[in-house]
Amino acid sequence: MLNIVIFGAPGSGKGTQSALISSKYGLHHISTGEILRGEIENQTPLGLMAEEYISQGHLVPDQLIIDMFANILDKTANSKGYVFDGFPRTISQAQALDAMLRERQTDVTAVLSLSADEKELIQRLLKRGELAGRKDDNLETIKKRLDVYSEQTEPLKEYYKKKGKLFKIKDGSIDDIFERIAEEIDRLFFQHGK
Ligand code: ADP
């Protein structure tokens, strides 16, 4: 089973690349941000709780996210592999992910880390705010999300590096990045099989 974590700051292109990976390799794409936006749209109890955090650029509390995530894993148990997009975002989420995958006799195969210059990230997110109307894509919230990313999420690079699972993907156009990702995944497929 191939389980890829697509990792990077807000605006680094995780969602775009995850969709491309998922369709090329037949992996199930789980985007915690997308799921949360669906919960908000449907005004579920989880959505109502999450909205407050998201609109301020904070992370949704770990336990809420971990339970939501476990639920999706259970519902997609026959998947041949996953692209995790936006999860894990904290060390405790990463530990929970390790435990959940271990229980299912599998593990994180690789963490592909996208990078982008901070000014570029802000520009992309502001543009997305105009085009897609995401409420958290305004300057104040974007800055908060980038701070939260460097404080709480970036330390995960070290966590996965120590396990030998971190692979850095050089920035470029969407196509360039995907080409680099595909090279990495082809190599992983070769090593790990199905
Ligand atoms: P981006 O990567 O651009 O910030 P996402 O769609 O991945 O966009 O996430 C949007 C928001 O949803 C985050 O700012 C956060 O508030 C919440 N969120 C998503 N995933 C998680 C997670 N794993 N843990 C906590 N909060 C999350």
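Trainee: Which polar side-chain atom lies 2.8 Å from a nitrogen atom of the ligand?

Mentor: One of Thr-32 does, and the pair counts as a polar contact, defined as a pair of N or O atoms within 3.5 Å. This is a predicted model, in which local features need pLDDT of at least 70 and side-chain atom pairs count only at pLDDT 80 or more, whereas totals for chains, interfaces and linings use all residues. Residues are numbered from 1 along each chain as its sequence is written, and side-chain values use heavy atoms, with hydrogens and water left out.

Trainee: Which side chains have an N or O atom 3.2 Å or 2.9 Å from an oxygen atom of the ligand?

Mentor: The 3.2 Å separation belongs to Arg-134, and the 2.9 Å separation to Arg-145.

Trainee: How is a pair of packed helices described?

Mentor: Two packed helices are described by the angle between their axes and the distance between the axes. Here the axes of α4 (residues 62-75) and α5 (residues 91-103) come within 10 Å and cross at roughly 25 degrees, the axes being lines fitted to C-alpha atoms over the stretch in contact, with angles running from 0 to 180 degrees between N-to-C directions. α4 is therefore roughly parallel to α5, a term for angles under 35 degrees. Helices are DSSP runs (H or I, at least four residues), and strands likewise (E, at least two), numbered from the N terminus.

Trainee: Which backbone feature joins Phe-87 and Pro-88?

Mentor: Most peptide bonds are trans. Phe-87 and Pro-88, however, are joined by a cis peptide bond with omega about 0 degrees, and Pro-88 lies in the loop between β3 (81-85) and α5.

Notes:
Parallel < 35°, antiparallel > 145°, perpendicular 65-115°, else oblique. Polar contact = N/O pair within 3.5 Å; in protein donor to acceptor, adjacent residues only side chain to side chain.
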